[in-house]
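Subject: Structure for your files

Hello,

Please find the structure below, with the sequence. My notes come after it.

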Amino acid sequence: MSAGTLAAPPRPARATPGDARLGRFAGPAWDLRTYDPLVTAFGPLPVVVWVFTTRDLLTPALVGLAALLVILVMVRPPRRVVAVLLLGLPALAAVMTVSFGVLTDPRDVDGTTLLATVGPFHLWSGALETGLATSLRTCALLLLVLVGGLSTTGQDVVRAMVQQLRVPYRVGYAALAALRFVPRFGHELEVIRAAHRVRGVDHGRGPVAAGRRHLGYAVPLLAGGIRHGERVSLAMEARGFGAHATRTERVLVPFRVRDVVFLLATWGVAAGIALVVVPALTG
């Protein structure tokens with residue numbers, strides 16, 4: 001055996017469909033949660049930029065409908081989320097349509113029909129159309145973001161960035177640990193507030209008292225944050241974090257043919273809407 005062979009690092013075994021390290025990524029192709037998080041989270045970004053620049057009604061409506069179908073069929077969120085999407089989103093679009101319509105400068109819609117007058121506010125048909133286009137565009141952008149937001153987690157996105165984009169794991173997992181400090185600090189703040197209430201601490205009312213009250217929260221919150229940071233750093237060092245240039249992964253994030261198909265389908269549907277469907281419907 002040559003010296004070069006001895007010096008070569010061992011290559012990780014390629015994951016097979018039955019590999020337990022795939023976890024939920026070994027699921028069926030109709031489940032969007034099994035796709036690469038980079039594809040589902042960042043693949044729709046070109047479509048997001050395109051929809052943001054549109055000004056008509058059909059384009060954001062069709063793109064939003066396509067994104068909603070993907071969420072309902074391939075993500076299958078809980079019933080509460082489905083209710084929000086099917087009932088809350090149209091209600092939000094209606095409110096935004098009227099709000100943007102009222103706030104539109106009447107000089108921009110001169111020549112259109114006056115639909116209603118409430119006090120000093122006038123609602124013109126042109127302003128209502130502008131408000132509807134803005135609300136449809138906002139809803140479409142929200143649905144495109146939810147395609148990735150509902151089908152993946154921040155932890156899986158970091159795993160994919162480390163394994164496929166070659167982001168140093170010291171950076172990726174350290175940033176993820178820092179983000180997890182936020183809910184921890186929120187819990188610490190609630191505990192400190194409860195402790196102050198139990199002790200009967202009263203700073204009075206008014207902005208000065210509020211400033212003194214929040215200043216009283218800052219010191220114990222900072223002390224708790226330092227203690228939690230020390231515990232996290234000790235736990236990471238005990239597990240050998242940062243000791244080697246690379247690390248093994250308990251969960252593998254594969255990049256497969258289904259990811260390429262989903263990415264091309266996303267861009268293809270957007271291009272079809274822009275080049276075929278909208279021109280055909282508008283004549």
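The notes below cover the domains, the contact between them, and a few loop residues.

This is a predicted model, in which local features need pLDDT of at least 70 and side-chain atom pairs count only at pLDDT 80 or more, while totals for chains, interfaces and linings use all residues. Residues are numbered from 1 along each chain as its sequence is written, and side-chain values use heavy atoms, with hydrogens and water left out.

Domains

The protein divides into domain 1 (18–152 + 255–282) and domain 2 (158–239); the bounds come from an automatic or database domain assignment. Taken over C-alpha atoms, the centres of domain 1 and domain 2 are 35 Å apart.

The contact between them

About 300 Å² is buried between domain 1 and domain 2, and carbon and sulfur atoms give 70% of that area. Buried area here is the accessible area (1.4 Å probe) that two parts lose on being put together, summed over both. Of the area that domain 1 buries against domain 2, 82% is supplied by Asp 36, Leu 38 and Phe 255, more than by any other three residues.

Between the two domains there are 0 salt bridges (a side-chain nitrogen of Lys or Arg within 4 Å of a carboxyl oxygen of Asp or Glu). There is 1 residue pair in polar contact, both at pLDDT 80 or more. A polar contact is a pair of N or O atoms within 3.5 Å; within protein, one must be able to donate a hydrogen and the other to accept it, and residues adjacent in sequence count only if both atoms are side-chain atoms.

Loop residues

Arg 76 sits in the loop between α4 (58–75) and α5 (79–103), helices being DSSP runs of H or I of at least four residues and strands runs of E of at least two, numbered from the N terminus. Its phi is near 50°, a positive value in a residue other than glycine. Arg 76 is exposed, at 52% relative accessible area (exposed is over 50%, buried under 20%, partly exposed in between; 1.4 Å probe, protein chains only).

Arg 166, in the loop between α7 (154–164) and α8 (169–179), has a phi near 60°, again positive in a residue other than glycine. Arg 166 is exposed, with a relative accessible area of 67%.

Gly 111 is in the loop between α5 and β1 (114–118) and is exposed at 72%. Gly 111 and Gly 126 are 15 residues apart in sequence and 8.4 Å apart in space, C-alpha to C-alpha.

Regards
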